[in-house]
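Q: Hi, could you walk me through this structure? I'd like to go over the charged pairs first and then the helices.

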Amino acid sequence: MALIVGVDAGGTKTTGVVADENGVVLRRARGAGANLHLHGELSVEKVLADLLDELCPEERPDALCLGMAGVDRPGEEQVVRGLLRRLGFRANAQVVNDAVIAIAAGSPNRVGIVLIAGTGSIAYGIDSHGRTARAGGLGPTLADEGSGGWIGHRAVLAAIRAHEGRGPSTALREAVFEDLHVRDLSEFPALAYGGGLTRERFAALAPLVARLAQAGDAEAAGILETGARELAAAARSVAGRLTFGPSGFPLILSGGLFAGLPWYAEAVASLASLPGATPVRLEREPSDGALAMALDLHRSRAKRA
């Protein structure tokens, strides 16, 4: 029996699924985050090795598809392929951006636009001609607007500004200080520059921001409104560079932020207002899309053999 594996490596968690050559799922597993920029090459390699050991404890799978943020940028695919070779994969592995596997999971014909909002964010599309386009997804320094990390970062900035009297009064001031166990402003530099305020830690503040926004805090609501508009603009940017047929296309909303805040997903879809788009929440795991692509890889290799 052939073993086929699909993996979704995210900033906060990594999920995997193994199936036989007919696509019958045998086992699922979950591990820690595996993002090259956030965790480094050695940490990513260990997470993937542990996940594969759990999925296929007795032998390496016959084909694997790995979806990971950033791997479509120059140099990064080579790094990931290098660590996969060390794990025993050569021609039997496919490495793609995590947005690609989300489209494979959410669109039967693998055409459409996906908006991912989790720890980070990206808009990515594939049209009926096979053309692709993307917006965002360049990390927190360059383009991660609307993501959990982006929301949490702006909440901290709003709390600091309110504390110093440079910004509007907001419930974020007390709530953020309490959540981060900070008693005095002087403690922030050690957190920010000593590694404690990671992108994941910022992202963990997003539910707090949502609660305060729903309770009527104007600053918290403003952060989420701006984030939703940024994500909608990213979707429009992608749609403007692609061509979809008269039957339309799905606008797939994926990621932990959308899963935790369904109303945020609805706001983004409404603001995007894309002609021909049908907003859909991704109900399947993105790793299922990776599995479908790994099955294609296995079958194409079998035909050539």
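This is a predicted model: local features need pLDDT of at least 70, side-chain atom pairs count only at pLDDT 80 or more; totals for chains, interfaces and linings use all residues.

Q: Which residue does Asp296 pair with?
A: The side chain of Asp296 pairs with that of Arg110, at 2.7 Å from N to O. The two sit in distant parts of the chain, 186 residues apart. Asp296 belongs to helix α13 (residues 286-304), while Arg110 is in the loop between α4 (98-106) and β6 (112-117).

Q: How exposed is Asp296? And Arg110?
A: Asp296 has a relative accessible area of 35%, so it counts as partly exposed. Arg110 is partly exposed too, at 29% relative accessibility.

Q: What does Arg199 bridge to?
A: Arg199 meets Asp144 in a salt bridge, with 2.3 Å from N to O. Arg199 is in helix α8 (residues 199-203) and Asp144 is in the loop between β8 (132-136) and α5 (148-164), so this pair ties together parts that are 55 residues apart in sequence.

Q: Are Arg199 and Asp144 buried or exposed?
A: Both Arg199 and Asp144 are buried.

Q: And what about Glu164, which partner does it have?
A: Glu164 forms a salt bridge with Arg166, at 2.6 Å from N to O. Glu164 is partly exposed at 42% relative accessibility, and Arg166 is partly exposed with a relative accessible area of 47%.

Q: Let's switch to α5. How far apart are its end C-alpha atoms?
A: They are 25 Å apart. At 1.5 Å a residue, the 17 residues of α5 should span 24 Å, so the two values agree.

Q: Which of its residues are buried?
A: The buried residues of α5 include Trp150, Ile151, Val156 and Ile160. Several glycines and alanines are buried there as well, among them Gly148, Gly149, Ala155 and Ala158.

Q: What happens just after α5?
A: Gly165 comes there, with a positive phi of about 80°.

Q: How does α5 sit against α10?
A: The axes of α5 and helix α10 (residues 218-239) come within 10 Å and cross at roughly 145°. The crossing is right-handed. On the α5 side, the contact is made by Trp150, Ile151, Arg154, Ala155 and Ala158. On the α10 side, Glu219, Ile223, Leu224, Thr226 and Gly227 take part.

Q: At what angle do α6 and α9 pack?
A: Helix α6 (residues 172-179) and helix α9 (residues 206-214) pack at about 155°, with their axes 11 Å apart. That makes α6 roughly antiparallel to α9. Here, too, α6 passes α9 in a right-handed crossing.

Q: Which residues of α6 and α9 meet?
A: Leu172, Ala175, Val176 and Asp179 in α6 meet Leu208, Val209 and Leu212 in α9.

Q: Last topic: where is Leu115, and is it buried or exposed?
A: Leu115 is in strand β6. With a relative accessible area of 0%, Leu115 is buried.

Q: What does Leu115 contact?
A: Leaving aside neighbours within four places in sequence, Leu115 is in contact with residues including Ile122, Leu231, Leu253, Phe258 and Val268. The C-alpha atoms of Leu115 and Ala265 are separated by 9.4 Å, although these residues are 150 residues apart along the chain.

Conventions. Residues are numbered from 1 along each chain as its sequence is written. Side-chain values use heavy atoms; hydrogens and water are left out. A salt bridge is a side-chain nitrogen of Lys or Arg within 4 Å of a carboxyl oxygen of Asp or Glu. Helices (H or I, at least four residues) and strands (E, at least two) are DSSP runs, numbered from the N terminus. Buried means under 20% relative accessible area, exposed over 50%, partly exposed in between (1.4 Å probe, protein chains only). The expected span of a helix is 1.5 Å times one less than its number of residues. Axes are lines fitted to C-alpha atoms, for helices over the stretch in contact, and angles run from 0 to 180 degrees between N-to-C directions. Angles under 35 degrees count as roughly parallel, over 145 as roughly antiparallel, 65 to 115 as roughly perpendicular and the rest as oblique. A crossing is left-handed if the near helix is turned anticlockwise from the far one by less than a right angle, and right-handed if clockwise. Contact means heavy atoms within 4.5 Å.
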